[in-house]
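Please look over the structure below before reading on. The paragraphs after it take the chains and their contacts in turn.

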Amino acid sequence: MSEAPARTLMSDAWRSLRFRPDVIVAAVVLVFFLVMAAFPGLFTSTSPRRCVIGDSRLAPQGFGAEHPFGTDSFGCDLLAQLVHGARPSLLLAFVVVGIALVIGITLGVLAAYYLGWVDKLVTRVIEVLLVIPLLLAAMLLLSLFQGVDVGSGTLGTILLPALVLTMFAWMGYARYVRASVLEVKNHDFVTAARALGASDLRIMTRHLLPNAIGPVTALVPTSIAGVIGAEAVLSFLGIGVRPPAISWGLMISNGSEWVTGGHPHLLLYPLACLVVTVLALVVLGDALRDALDPRLAA
Amino acid sequence: MGRYILRRVLQAVGTLFLVMVVLHLLTTFAIQLNGNPALAFFGEHEPSASQLAAVEKRYGLDDPCYDQVGNPCAGPFVDRLVAYAQGDFGTNLRGRAVTEIVAQSAPHTLRLFVVVTFTWLTIGMVLGSVAARWRGRPADHGIRFTTVLVDALPVFVLLLLYKFVVTVPVHQWARSEFGSESWPALWFRPSFDADHPWATVLIPGILLGVSGSAAFVRLVRASQLESYSGEHVRTARSKGLPERYVVLHHVVRNSSIPVVTAVGLVFTEALAGAVVTEGLMNINGMGGVLWGAVKGSDVSLVLGVVTLLAVVTVVVMIVVDVLYAALDPRIRYE
Amino acid sequence: MRQARITTAAAAGFAAVALVATGCSAGGGDAVTEEPATVHLALNQDVGTLLPMDSNVDDNIAVLDVVYDGLVRYDPETTEPYNYVAEEISTEDNTVWTITIKPDLTFQNGEPVDAASFARAWNYAAYGPNAMANNYFFERFVGYDEMQGETDDAGVVTVEPTATELSGVTVVDDHTLEVTLNGPFAGFSTMLGYTGFFPVAEACLEDVEACAVKPIGNGPFQVDEWVQGEKVTASKWADYPLDEAPAFDAVEWTEFAGGSSWADFMAGNLDEGAPGAADLGDVESDPDLAERVVERPGAALTYIGFPLYLSEPWTNIELRKAISMAIDREGIIEAIVPGERVPADSWVVPGGVPGGETGTCEFCTFDPEAAKEALAAAGGWPSGQTLTITAGTDEEEAELFKAIGDSIQETLGVPYELETTEDFSSKRRNREMTGIFRNNWFPDYPVNENYLAPVYASGDPEEGNTNFGYYGAEFEEAIEAGDSAETLEDAVAEYQKAEAALAADFPTVPLWFSVSRSYHSERLSNVILDPFSGQMKLRPLEVAAE
């Protein structure tokens, strides 16, 4: 009986969401880019790492030609870069938000359930992290692990930015979860469960968590969108994904100077991908929040 | 209330101490793992032994603990704490006092933040209120769509476009039309001018503010929607109060609470935007100083500046908490 | 040497016309008072100091060039040195040099510019614990070693320096200075115009920190104020006794600290500008602007180093040749930095300094077929290995080295990774490189020797030189022969042999030389660029009234 309210909430949300046209469009867009990230071979057969300097900055040639979207300053195929750049950008966002969620929910529940020193410790850590500027931490951590070989695979190239962004992404979830657990903690069903001899772990995972997870779920798409944007800024500052690895953020950062130089396509294609993805995620996030928050139901 | 503030201040001191410990450990390990930043000081030339020793001293790295990986270097940390407690925040590599550097650059950044905060609040309150008032209507959808679009646009793209597409022709035109010291010419100057700090920081600040305003619009909208369906609004309406009064006094005023909280929270985040804006618009501010210091491994400058920044942030947080308590009678001070 | 970035001080344009049209004064009053002619320039690098002994980047050198006068100055066209503050510089054996100084010269604070003022500056720079950037200029002086001390591996001082003054510098009388070098060096007098050899006043050393911010010069301009991080302003020194003084009244340098100043030039706020690759569109669309450009070949050489201190494949000369011939220098320059570099096929800038000639590097042209053959001759690239390319964090350099990696990958099929790191210098010095890496050399004085000895000579057959682990017996001999030659011409010829020995050993791969290019506003004329730094020469500059 205890899980019932959360379940119906979720299924209500699902029912109200699946027929909204904006949600459907957003979902389709997202799936499109996820497929691109997972199977880049479906979209292009050109290697993004093959760059011929003599072919630099060719204008878009249209589909069917050798370089449908043209080439960048190094003579690399822009379409191939876009397609292969999707993976690091999206993977980074999902990894960061995923890990941050786990950390945030765990610490939030623990803090609210046990209170006392656990709560003090968690809130203190949150406060410390809020005071340290993200960018400074990014620089320091980056120089800290400079000598460490992280490999050149996709995971390797995003490891450092992922680490830094995760460190600073979980606090929001922890605060939310802590607040909502505090709210439901003293409800009858929790007291009842405790009286029946349920273990702390069981109470937390079976009774508290499902109730706390709703409001946090709504935050997820927006956070993913935020991380994709943050990656672009880190790339622009030269501390994100580094060349010759590719990401949308890096492409935007490299392309931005060429808008006035007569080659706007270098900026516009990656920017369009990023904006559309972020837009889709935010639409989903908003819809999810509306659906999950019964108080907002008109 | 007094006891509440006192407790918050004590907590804040603890937080500050922890921040300093964390930063000290991070920089120490970075130095131990990566070797001596003093070497980079000499570029292509090989420094002589005593030169290297002298520069290490300048970097504050002459303590042998910096050569031992894993050593937390407690000695230098305590020395630094003692110096800070006496108001001595050290010097940069060129012997310039950190406090002097901060005193010069902080006002520029503060001006930027003032413009940014003002933009956030204005855009957030106006657009958020409109969106909430006409929820589900075209105005609401339009506002949400636009803010998300602006939000998705990385701030540096916005600033680069502004700097390289807009400023040059507009500034030239304004100069020829009104003179080079006129307001319009200064507003659209391609880079910051310390002789006219407010005029030349205005538009970059607004752009930075606009690019971060989406979160505020969303926040205001959400909190006002909550208010519209809240008991007190229903009560007020049922008492027959005019809609205008209800909206202004019960909805808009209540939504200011989370907004004030959010301003406090995004303060450090805004520093990332400040680094980008200051770099592109050539503003000699805190973001740029910190950025340069980290890149140049100027350890004492980094730690000095961050400590000062942390003090400011903590103070802002306390003020926000106190404001929060003052604005919302439901919050108790235990 | 200085880590020369090819930045040219920027400046600005259209302003002049617009200003004249509006009568220039902001208030718009009719009484046009005689405004002082001010040149507005940019400092694109981070300038840390204005102390001559410590100034070693293009931008503070450019400022100090009008604030201080050196013993010699260089002809902007031929780079030939001529005496300026020095009356005469003479030597019998290229080891002991006698310098006499013109009488009645003073610093801007009234102190005399005499033999003691030079000795003072040189001793300060040479004393190790002062950690001056230009310390290494005095390596050839007798008594230099005693001023350096020793440290152990951890950097702790074990032996303090035993001297605070160069024993090789003697003040003979007020206006005569005697310098004794460790050995003969024919090019010594050509070094003396460099910033590191400027004199300083006594008051300067009494408060070095103040003097680093507000120099006490002996040149035609004095620094009025330096708001650090923002701008430097300088104006004419009324009592300047010599004749090479600028024809305008003041200069204002705005600091850009690595940012772009092109938009400010285009908007008319600066008198000089250097466009980035993406800004060239502006230039093409403005034919008027295309006429206000001054270009001259620069002197900075960018080249690739190999970790010769490791074993195969780096020690295999065929592999080094293969990499060199696999790089499409021209294509890379055209795409990334059009007009700002010229492909290099020598280790010494051709025409820029005595002894510099083109074509000394046989394997420095892009030749995919020959490159593949050379790689095959080297036994191929170890399969499964990735070529690491290490460069500093400068954005433009990172782009250039990515393009180099692409070019090698395309030609030789060798996969690469690019490592851009802050610790570039210390990694190189500590011999931690695992692949090829970027190097840049900027000459400090105009002799071909400066491209060779400081970079490659070590006298250590076992370990080789620090950065590359290179040792060439023939090379070392030629350098020694040059140093002890009778005349500068003979010396230059010997140094050329050293370059030939280097070409045979092929320890490094020359990539390209810098090109200085500067756009200026309509009010400037007689714009001449410095042959070394590429900075606009301020002294001959002519400025039309605002």
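How many C-beta neighbours inside 10 Å does B:Trp291 have, and does that count as buried or exposed? B:Trp291 has 23 such neighbours and therefore counts as buried; a residue is buried if 20 or more other C-beta atoms, placed from the backbone, lie within 10 Å of its own, exposed if 12 or fewer, and partly exposed in between. B:Trp291 sits in helix α13 of chain B. Helices are DSSP runs of H or I with at least four residues, strands are runs of E with at least two, and both are numbered from the N terminus. From B:Trp291 to B:Val276, 15 residues apart in sequence, the C-alpha to C-alpha distance is 9.8 Å.

This is a predicted model, in which local features need pLDDT of at least 70 and side-chain atom pairs count only at pLDDT 80 or more, while totals for chains, interfaces and linings use all residues. Residues are numbered from 1 along each chain as its sequence is written, and chains are lettered from A and ligands numbered from 1 in the order in which they are written.

Chain A has eleven helices and zero strands. Its C-alpha trace spans about 75 × 50 × 30 Å along the principal axes. Of the 298 residues in chain A, 51% are buried. Among contacts in chain A with a separation of 6 or more, 70% join residues 24 or more positions apart; two residues are in contact if their C-beta atoms, placed from the backbone, lie within 7 Å.

Chain B is divided into domain 1 (2–85) and domain 2 (104–296), with bounds that come from an automatic or database domain assignment. The centres of these two domains of chain B, taken over C-alpha atoms, are 36 Å apart.

Next comes the interface of chains A and B. Here 40 residues of chain B are in contact with 35 residues of chain A. The elements of chain B that give two or more residues to its side include α1 (2–34), α5 (138–152) and α13 (286–295). α1(B) supplies the largest share of that side, ten residues. By class, the side of chain B that touches chain A has 31 nonpolar, six polar and three charged residues. Ala, Val, Leu, Ile, Met, Phe, Trp, Tyr, Cys and Pro count as nonpolar, Asp, Glu, Lys and Arg as charged, and the others, Gly among them, as polar.

One helix pair shows this contact in detail. Helix α11 (residues 265–292) of chain A packs against α5(B) at an angle of about 135°, with the axes 9 Å apart. Axes are lines fitted to C-alpha atoms, for helices over the stretch in contact, and angles run from 0 to 180 degrees between N-to-C directions. The angle makes α11(A) oblique to α5(B); under 35 degrees counts as roughly parallel, over 145 as roughly antiparallel, 65 to 115 as roughly perpendicular and the rest as oblique. Residues of α11(A) in this contact include A:Leu274, A:Val278 and A:Asp286, and those of α5(B) include B:Arg144 and B:Leu149. By class, the contact of α11(A) with α5(B) has eight nonpolar, no polar and two charged residues.

Chain C is divided into domain 1 (8–252 + 521–543) and domain 2 (296–515). Their C-alpha centres lie 31 Å apart. The contact takes 14 residues from domain 1 of chain C and 18 residues from domain 2 of chain C.
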